[in-house]
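Please examine the sequence and the structure below. The explanation that follows takes up the lining of a cavity and then the nonpolar cores.

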Amino acid sequence: MADGSTTRRDDTWEAAQRLLACCHEQLVAHSPAGDVAEAYVTHGAQVAWDHCECGQLTVHIGTSYPVDQFPAIKTAGPFRGCSSKFQVVEFVITVLRCVPTSEDDGDPPTGAQLSDAAYVEHVDRWCLQRGVRCCFPPTDPRKLDLMLVGEHLPVGGEGMCSGSELHVLVALPNCLPCEAS
């Protein structure tokens, strides 16, 4: 293939939208806290927590890089056109919820309130994992070429918000002809 080969323009966007829809479906169906007020694909390295008080689900791109052997980054040339088999994209899926905080009189939340919030976070993490794993089953013709479910990290615990972020590596084909402009 010519040096002008690349990943399709909307492959990354379509995968992000699909991951968002699959994880959102699982939260609605299984989370004790129910639906989130906002679910969207976002940009940048840091997710704004603008809607966490009512629940927020986001997907954003963490990093991307060329690979020959998934998931290791390509470190030896050549680096043009079809010189790498795949473009790996890291998707970061974040769910945020309200958590109990001190009352106006300074009283801390009760142990039961904290346990309830911890259980919501536990189930929300399960929902994200299930959403990703069930999103592209092997029998689905729209499956991704290669996918690795990575770290699932806690976030927050400051202020009124807490949750988790799940890192998912997806390999997209890197040997498609360039689209005409």
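**Cavity and cores**

The lining of the largest cavity is made up of six nonpolar, three polar and three charged residues; here Ala, Val, Leu, Ile, Met, Phe, Trp, Tyr, Cys and Pro count as nonpolar, Asp, Glu, Lys and Arg as charged, and the others, Gly among them, as polar. The model is predicted: local features need pLDDT of at least 70, side-chain atom pairs count only at pLDDT 80 or more, and totals for chains, interfaces and linings use all residues. Residues are numbered from 1 along each chain as its sequence is written, and side-chain values use heavy atoms, with hydrogens and water left out.

A cavity is a set of points, on a 1 Å grid over the protein atoms alone, where a 1.4 Å probe fits but cannot get out, and lining residues have an atom within 4 Å of a point. The largest cavity holds about 70 Å³, the volume being the space filled by probe spheres set on the points. Among its lining residues are R97, E121 and D124. At least two lining residues come from each of β3 (86-98), α2 (111-135) and β5 (161-173); strands (E, at least two residues) and helices (H or I, at least four) are DSSP runs, numbered from the N terminus.

A nonpolar core joins buried Ala, Val, Leu, Ile, Met, Phe, Trp, Tyr and Cys residues through side-chain atoms within 4.5 Å, buried meaning under 20% relative accessible area (1.4 Å probe, protein chains only). The largest such core has 24 residues, and I93 is one of those with the most contacts inside it. To this core α1 gives the most, seven residues. A second, separate core has seven residues, including F70 and F86.

F70 is joined to P71 by a cis peptide bond, with omega about 5°.

Notes. On a 1 Å grid over the protein atoms alone, a cavity is a set of points where a 1.4 Å probe fits but cannot get out, and a pocket is an open set with protein on both sides within 12 Å along at least five of seven lines; lining residues have an atom within 4 Å of a point. Buried means under 20% relative accessible area, exposed over 50%, partly exposed in between (1.4 Å probe, protein chains only).
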